[in-house]
Amino acid sequence: YNVDGIIISIYSDYNLHTCQGIVKRGTPIVLFGKKQSNRLESSFPIANDYIAASLAIENLINNGCSRIACLIGQSEFRKSCEFARGYDRIVEKHQINDPELLIETEGESLSDGEFAIKKLLDANIKFDSIFALTSLLAIGAASYLKSKNIDIIEEIKIVSHSGENFISSKIIRPDHQKTLQEPVK
């Protein structure tokens, strides 16, 4: 339809199948979002999640945290792997590694964040902060902590790294931290 190219937000292999037809017709595309497959030849800008995770974990440590729970999402996603790698590097560097604190969640929803924190508390695993892959995981974790009368910030610090453009702090507590790596950067 007389376009020079298409920019597509990609979130599943189903979308990639659709994109293959576009590429076969000769229309250039740029994909962004959750890359789940390498079967399509196209440009795909990505954020440096390894560095983002490293900086966020380092910041928590510099603010007195030493038992950092990391909610990474599913390991088949590149972003989750990069977060885990950044987390591992920094906790190893500071010699505070505890494999029980690196949690692969079933998904990235509020309930996944709640379930992960419930699991930690039920197992009596101590933590003083949470680093979450997405704001939804962070909000779910914060919601569960709040339901157990655990003070967010005073007892548990929470940091999330996400592309969402909403302010999770207004939902849970005004002083909730959120680090964003803007897609343009």
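Predicted model: local features only at pLDDT ≥ 70, side-chain atom pairs only at ≥ 80, totals over all residues.
## A serine and its surroundings

Setting aside its neighbours within four places in sequence, S129 is in contact with L60, C65, R67, I68, A69, I156 and K157.

Is S129 buried or exposed? Its relative accessibility is 0%, and buried means under 20%, so S129 counts as buried.

## The chain as a whole

Now take a step back. The protein chain contains six helices and six strands.

Of the 185 residues in the protein chain, 43% are buried. Contacts also reach along the sequence: among those between residues at least 6 apart, 62% join residues at least 24 apart.

## Helix α2

L60, one of the contacts of S129, is also one of the buried residues of α2. This helix covers residues 49–62, which makes 14 residues. From its first C-alpha to its last, α2 reaches 20 Å, close to the 20 Å expected at 1.5 Å a residue.

How many of the 14 residues of α2 are buried? The count is ten, so the helix is mostly covered. The buried residues are D49, Y50, A52, A53, S54, A56, I57, E58, L60 and I61.

What covers the buried residues of α2? The cover includes β3 (68–71), α3 (78–93), β5 (129–132) and β6 (157–160). Just after α2, G64 takes a positive phi of about 90°.

## Helix α3

Helix α3 has 16 residues. It reaches 23 Å from its first C-alpha to its last, close to the 22 Å expected at 1.5 Å a residue.

Its buried residues are S80, E82, F83, A84, G86, Y87, I90 and V91. The cover over the buried residues of α3 includes α2, β3, β4 (102–103) and β5. Just after α3, Q95 takes a positive phi of about 55°.

## Where α2 meets α3

Two packed helices are described by the angle between their axes and the distance between the axes. For α2 and α3, the axes come within 7 Å and cross at roughly 40°. The two helices are therefore oblique to each other, and their crossing is right-handed.

Which residues make this contact? On the α2 side you will find D49, Y50, A53, S54, I57, E58 and I61. They meet R78, K79, E82, F83, R85, G86, Y87, R89, I90, V91 and K93 in α3. Sorted by class, the contact has eight nonpolar, two polar and eight charged residues.

## Helix α5

One more helix is worth a visit. Helix α5 runs over residues 135–147 and has 13 residues. Its reach is 18 Å from first C-alpha to last, close to the 18 Å expected at 1.5 Å a residue.

Which residues of α5 are buried? They are S135, L137, A138, I139, G140, A141, A142, Y144 and L145. Just after α5, N149 takes a positive phi of about 60°.

How values were computed
Residues numbered from 1 in each chain as written. Heavy atoms only, no water. Helix = DSSP H or I, 4+ residues; strand = E, 2+ residues; numbered from the N terminus. Expected span 1.5 Å × (residues − 1). Buried < 20%, exposed > 50% of the residue type's maximum accessible area, 1.4 Å probe, protein only. Contact = heavy atoms within 4.5 Å. Axes fitted to C-alpha atoms, helices over the stretch in contact; angles between N-to-C directions. Parallel < 35°, antiparallel > 145°, perpendicular 65-115°, else oblique. Left-handed = near helix turned anticlockwise from the far one by under 90°. Nonpolar A, V, L, I, M, F, W, Y, C, P; charged D, E, K, R; others polar.
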